[in-house]
Amino acid sequence: MFRESAWALLAIAFASGEARAKPISVLDGTRRRELTSESRGDADTVELVSLVQGLGVTVVSDPLTGKATLTCQGREVVLFHKKNLISVNGDLRLLSGPLLLESGRWYVPLDSLAKLLGPLLNQPISWRPAQRVLLIGNVRLPRVTVTTEVGADRARIVLQSTEKIPFQVRQGEGLVVVDMPVEAVEVAFQSERLTGGIVEAIEFRGGPDNTVAILLGPRFRGVRAQQLDEPSRMVLDIEAAPLATLPMPSASPTPAGAAPATEVRQRWSLRTVVIDPGHGGDEVGALGPTGTLEKDVTLAIGRKLRSALANRLGIQVFLTREGDQALSLDERAAIANNYKADVFLSIHANASRSQDARGSEVYFLSYHPTDDESRRVALAEGSLGTSSDPTAPGSDLALVLWDMAQADHLEESSALASRLQEALAGVTGSEGRGVKQAPFRVLVGATMAAVLLEVAFISHPEEEKLLVSDAYQNKVVTAIVDGIARYGRERAQRLDPRSVAWPSHR
Ligand SMILES: [Zn+2]
């Protein structure tokens, strides 16, 4: 789909955003959720049950009296239909607009979200209308300042961030778009009069990529994009003077870590990768001989892999967990589905009773394990279970449907597993282990190419030491990026044999 034209996609996204109310993002420090908003009366609202999903809130609605009672850890908030007030542990508080009960669903005005959720969750809540982002808890966002200088025949636009951002620049009919594929940003515009017909307007359009759109004037002739570090910024030089050719970022000398060129991104069939650092929280995973925890190793590699994929291949990358928290196996694949990822990669470290076991293994899903070793690994990492009894726990209808989700992608998963195993073999000395199949629960629900990677044996004394070293982690990450790049290149050719452009990687 993406190979056709990034611009077609972009246009659709913007057009549909205008046809109905735009979605909102909810960030709680560990996860981002997108919720649809709906216009009710003259207010933009969100539906209550989807809003509080996963926040530990119980909703008891009483349509007859037009009341709903929300409870969370002993705190209680009562809502009233068509009233702009709520009862917080018995005290009445005013909202900016009325709550509505329609067809059994409650709708909360967006600008009342903080007043409703703050006392209920007992956490700082902040609603950012410009970005349509709801922040739950103390979430620190990168702050991006957009400054513009307009001269006689050129304009310079600088997006400068307080934290490193893998900016991506695209150009289309009448506009230049800068994507900031991070969880969320705060954007501030330094006001500047846009005269001279070079740039007409600069808008923050938000969305999953935190898109800034620069609408071009009739005198626009070309744009140069440069990504610079310290501080992290994207510098766009927009030329109004007639030029024979449009200098593109790829054609000009760019500093290390520069954003990939426009054309490359348009041809790129891999747009989003979700990395799942295995285990987390109380669920520590396997244990090394000197006490190294699998959950720490997987998170360290996951973080490094995220920046390497973003920097080297310009891919949008999300982690299923940012810190040391527990997450169910089904949730992990659901996150990848939610982001519409093209690749899902669950990262683990292996453990064996045999002291000699070492090397890496790459798995994709099957009900039937390749061998006894694969069965053991699947059991250790969370298996579907071997029972075929439909009444057994875990073999309900939902599970069968989930299974069908990954079943459609097994060919791609197998291709991805092969490329990763080839790339890793050189680093981890695992030529003999190869690609395997086993019934991993974490892969079952994934609706994209999905593999589970056992980077090395944490149970092996030497590999345990390697797994915690920066140098080895970087080598593994480089190999994974190589493997994904090769998979992506072949996949693009499968989808469109004419596509030849591909980002070279170091
Ligand atoms: Zn594991």
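**Ile136 and the sheets**

Author: This is a predicted model. Ile136 sits in strand β13, residues 133-136.

Reader: Is Ile136 buried or exposed?

Author: Buried, because Ile136 has 21 C-beta neighbours inside 10 Å and the cut-off for buried is 20 or more.

Reader: Which residues is Ile136 in contact with, leaving aside neighbours within four places in sequence?

Author: Val26, Leu27, Asp28, Leu117, Leu121, Gln123 and Ile125. As for Ser126, ten residues from Ile136 along the chain, the two C-alpha atoms are 6.7 Å apart.

Reader: What is the strand order in the sheet with β13?

Author: The order is β2-β1-β13-β12, an open sheet of four strands with mixed pairing. At the edges are β2 (32-35) and β12 (125-128), each pairing on one side only. From one strand to the next, the twist averages 20°.

Reader: How many bridges join β1 to β13?

Author: Three, and the two strands run parallel. Strand β1 covers residues 24-27, and its Val26 stands opposite Leu134 in β13.

Reader: Which strands does helix α3 lie across?

Author: β12 and β13. The helix spans residues 113-121 and runs at about 160° to β12.

Reader: Changing topic: what order does the sheet with β16 have?

Author: β16-β17-β20-β19, open, with antiparallel pairing. Its edge strands are β16 (168-172) and β19 (199-206), and the twist averages 20° from one strand to the next.

Reader: And how many bridges pair β16 with β17?

Author: Five, in the antiparallel sense, with β17 covering residues 175-179. Gly172 has Leu175 in β17 as its bridge partner.

Notes
Residues are numbered from 1 along each chain as its sequence is written. This is a predicted model: local features need pLDDT of at least 70, side-chain atom pairs count only at pLDDT 80 or more; totals for chains, interfaces and linings use all residues. Two strands pair if DSSP finds at least two bridges between them. Axes are lines fitted to C-alpha atoms, for helices over the stretch in contact, and angles run from 0 to 180 degrees between N-to-C directions. A residue is buried if 20 or more other C-beta atoms lie within 10 Å of its own, exposed if 12 or fewer, and partly exposed in between; C-beta atoms are placed from the backbone. Two residues are in contact if their C-beta atoms, placed from the backbone, lie within 7 Å.
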